[in-house]
Amino acid sequence: MGIDNQDNLLIVSSSPHLHGENTVSTAMRDVLLALIPALIASLYFFGLAAAKVVLTCVLVAILSEVLAQKIMKREVTVDDSSAVVTGLLLAFCLPATIPWWMAAVGAMVAIIIGKQMFGGLGNNIFNPALVGRAVLVASWPVAMTSWVTPLDGVTTATPLGMLKQGLAAEQLPSLGQLFLGNVGGSLGETCAVALLLGAIYLLYKGHIDWRTPVSYLGTVFLLTAIVGAFKGAGLWYPLYHLLTGGLILGAFFMATDWVTSPLTKKGKLIFGLGCGFLTVLIRLQGGYPEGVCYSILLMNMVTPLIDRYTKPRVFGGVSKNA
Amino acid sequence: MNTSTFKGGIHLPGYKEGTEGLPIVPASIPDKVYLPIAQHIGAPCLPLVEVGDEVKKGQKIAAGKGFVTAPIHASVSGRVVAIEKKQHPGGNFVNCIVIENNGQEEWADTVKPHLQPGDLSAEEIRNIIFEAGIVGLGGAAFPAHVKYAPVEGKKADCIILNGVECEPYITADHRLMVEKAERIVAGLRYILKGTNCEQGIIAIEENKPDAIALLKKVVAADKHIRVQALQVKYPQGSEKHLIYACTQREVPVGGLPLDVGVIVNNVGTAVAIADAVEFGIPLIERVVTLSGNGIKNPANYLVRIGTLFSHLIAESGGYTGEIEKIIAGGLMMGKAVYTANIPVIKGSSGIVILKKTESKKEREYNCVRCGKCIEACPLFLEPTTLVKLAKRGLWEETAQNNVLSCIECGSCVYVCPAQIPLVQYIRRAKQAINVAKAKARAKAKSEGGKE
């Protein structure tokens, strides 16, 4: 072949001519990898029931995505794995005892209404998995709040529920139990240690920013510590709030969702702060024992506003906020 | 080691192993050289010679009108055989003076050494630099004398020599620093004198420890010049970021380095200036790195301006196989050209050849709002926001979001997981804004003329 390339067509694309390894697909696969420890924990604690819910959610999420994109005459992008992530996250915030068809409805709502109707991945305003969960809670409140104990499957309440009922500290599951996940609750949210393992991986890979979970958890800790001090409950009280409910799952895997959280570092701090405040408000003053889901959805709503007021100052320009 | 840097930016693979250890070798002198009349920023030159004229090496063969321009000199001795439109590394067709080399290597009479270079005044030095056709050799090719000219109300207190070379594959400046450290420092001293400046800084990334050590030794006794080691980060070589890393001064939006009292030059430019001031030699050759995974024998060449890429590629043994891209410049900011039949010009720092890749091209996803482009942007812009506006043709809004500040370094594209060609959209927006501005100016001018 000649050097002047008369017969070899060269590519003349715009610079840069070098690209990093990360793509949306590889990032989604990393998120799935990060969720595996929590998945194993949920299978261990809740057994076949958990497997049934997870499988239903993931399969229905995939099918809904393909179906919706076909009907809307869009390119089918299910191979980017984002639907699998949504399905898995939704399953993680459902009780293991939920009938399979309810889980299926949740997954359909999450993908079709939560994601595709807004224009697909990148255009959705709300975290799709949380949209699915919110619709299920509103539609079948009893099924969505029937909990069983791990391993033996006896009907129970969640630690947060017990706390709300006003049970004394001695009657509640211990902090150690909470850390390992040996308590009642949604199937993927109970085992803090497994979730943290996945979170560390995502932080290491740079897929999530530490600011969101740190400001989220920090705010919850601070506010509940103040409330705890008034109750005379001490350090135990805020730690209990950190480890119960869907807080760890929400703070590391849902509030950090790229699409529905703010773009800038400062925005991420504000986002976490707002989530933390709303979560404590709902837990202590609201009708539900848990507030992670709604607080993130509410903060999703103000994300464009946060973006607008946290624009970075251009290099060599004057600060607009100063 | 005391190192500094700037905020934002990315870490890139260097790919410099292939050539960083290879000494600069003179490339063979071609039978014909192609000298475009526009090799710099500013007014293009007009030929001073006609077809059939005999020219000598170093003879001025084209010059432009006005102040912001740089004359062009014959890089070989021989006969002008054509003045015609040829492909230019910039992508368009530009008038070229084609000289057939007679192999005599005869110097023009105008090329005379200055016997007492130490006695030259600042103005004389600046004039020699202008007459030698010296432009910034880092790539932008901005005429050097324009940077040095005194500006009312602005005073430079610091000259920075840019030896960062943050583009992957390119090692031309690295080799120059290792092989011609003394000449670089000599050039810097003339620049200091030509600008009445007190302080000179030679800035080098930490990944070139040999160059840092050597230059430190050369300037050890000079209290006006220091060597500044910088962290390895892209785009450290960007003028604004280099100034910030060395002096913590921020060039204002739309401003020039002189606004913060700094003038930046490439290390190669300093060598060219030393040669012009001492020996009277105009800019007729430069160091070019020819590298990439598509070239058989990567090398650092000393090349006569006007040598065709294809000549150098042949000298390096040709391609390794089927190739995909020929890039004039570096991987991050260079231009992919469509032919190897284009000449090396004053601003050509490197040629990178990429071979055909087997991996399928990833598709462009929707923006997933990960914010990585914002973290990477060294100008603290929001590339994703700019692109969303640009996609809808909202040019004015992109201007409000400082799109004109973008230096097109490509950091955002490198990190984007959605594989969006952000820089391409940003260029489109910048072009639309500049066209609108030019139209507004023309309109104002014509209306002013009627009155």
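Residues are numbered from 1 along each chain as its sequence is written, and chains are lettered from A, with ligands numbered from 1, in the order in which they are written. Because the model is predicted, local features need pLDDT of at least 70 and side-chain atom pairs count only at pLDDT 80 or more, whereas totals for chains, interfaces and linings use all residues.

**Stop 1: the domains of chain B**

Begin by colouring chain B by domain: domain 1 takes in 28-110 + 282-355, domain 2 covers 112-279, and domain 3 covers 372-450. These bounds come from an automatic or database domain assignment. Between the C-alpha centres of domain 1 of chain B and domain 3 of chain B the distance is 31 Å.

**Stop 2: where the chains meet**

Next, display both chains together. Contact is defined here by C-beta atoms, placed from the backbone, that lie within 7 Å of each other. On that basis, 58 residues of chain B are in contact with 36 residues of chain A. Elements are DSSP runs numbered from the N terminus: helices (H or I) of at least four residues and strands (E) of at least two. Those giving two or more residues to the side of chain B that touches chain A are α8 (309-315), β16 (323-328), β17, α12 (411-415) and α13 (422-450) of chain B. For classes, Ala, Val, Leu, Ile, Met, Phe, Trp, Tyr, Cys and Pro count as nonpolar, Asp, Glu, Lys and Arg as charged, and the others, Gly among them, as polar. The side of chain B that touches chain A then has 35 nonpolar, 13 polar and ten charged residues.

**Stop 3: Y338(B)**

Select Y338(B), in the loop between β17 (335-337) and β18 (350-355) of chain B. Leaving aside neighbours within four places in sequence, Y338(B) is in contact with L10(A) and V12(A). Burial is judged by counting other C-beta atoms, placed from the backbone, within 10 Å of a residue's own: 20 or more is buried, 12 or fewer is exposed, and anything in between is partly exposed. Y338(B) has 15 such atoms and is therefore partly exposed. From Y338(B) to G321(B), the separation is 17 residues in sequence and 17 Å in space, C-alpha to C-alpha.

**Stop 4: helix α1 of chain B**

Move to α1 (residues 122-131) of chain B, where I125(B), R126(B), I128(B), I129(B) and F130(B) are buried. Their cover includes α2 (144-148), α4 (181-195) and α7 (267-279) of chain B. After α1(B) comes G133(B), with a positive phi near 65°.

**Stop 5: helix pairs in chain A**

Two packed helices are described by the angle between their axes and the distance between the axes. Axes here are lines fitted to C-alpha atoms, for helices over the stretch in contact, and angles run from 0 to 180 degrees between N-to-C directions.

Select α2 (residues 82-92) and α4 (residues 128-139) of chain A, which pack at about 40° with axes 8 Å apart. The contact is made by T86(A), L89(A) and L90(A) of α2(A) with P128(A), A129(A), G132(A) and R133(A) of α4(A). By class, this contact has four nonpolar, two polar and one charged residues.

Then select α8 (residues 211-231) and α11 (residues 265-285) of chain A, packed at about 35° with axes 7 Å apart. Residues of this contact include Y216(A) and L223(A) of α8(A), and F271(A) and V280(A) of α11(A). The residues of the contact divide into 13 nonpolar, eight polar and three charged.

**Stop 6: backbone details**

In chain A, find the cis peptide bond from S15(A) to P16(A), with omega near 0°; P16(A) is in the segment before α1 (24-71) of chain A. In chain B, another cis peptide bond joins Y234(B) and P235(B), with omega about -5°. P235(B) lies in the loop between β12 (225-230) and α6 (239-247) of chain B.

R369(B), with phi near 60°, lies in the loop between β18 and α9 (372-376) of chain B. R369(B) counts as buried, with 22 C-beta neighbours inside 10 Å. E408(B) also has phi near 60°, and lies in the loop between α11 (395-400) and α12 of chain B. E408(B) counts as buried, with 20 C-beta neighbours inside 10 Å.

How values were computed:
Two residues are in contact if their C-beta atoms, placed from the backbone, lie within 7 Å.
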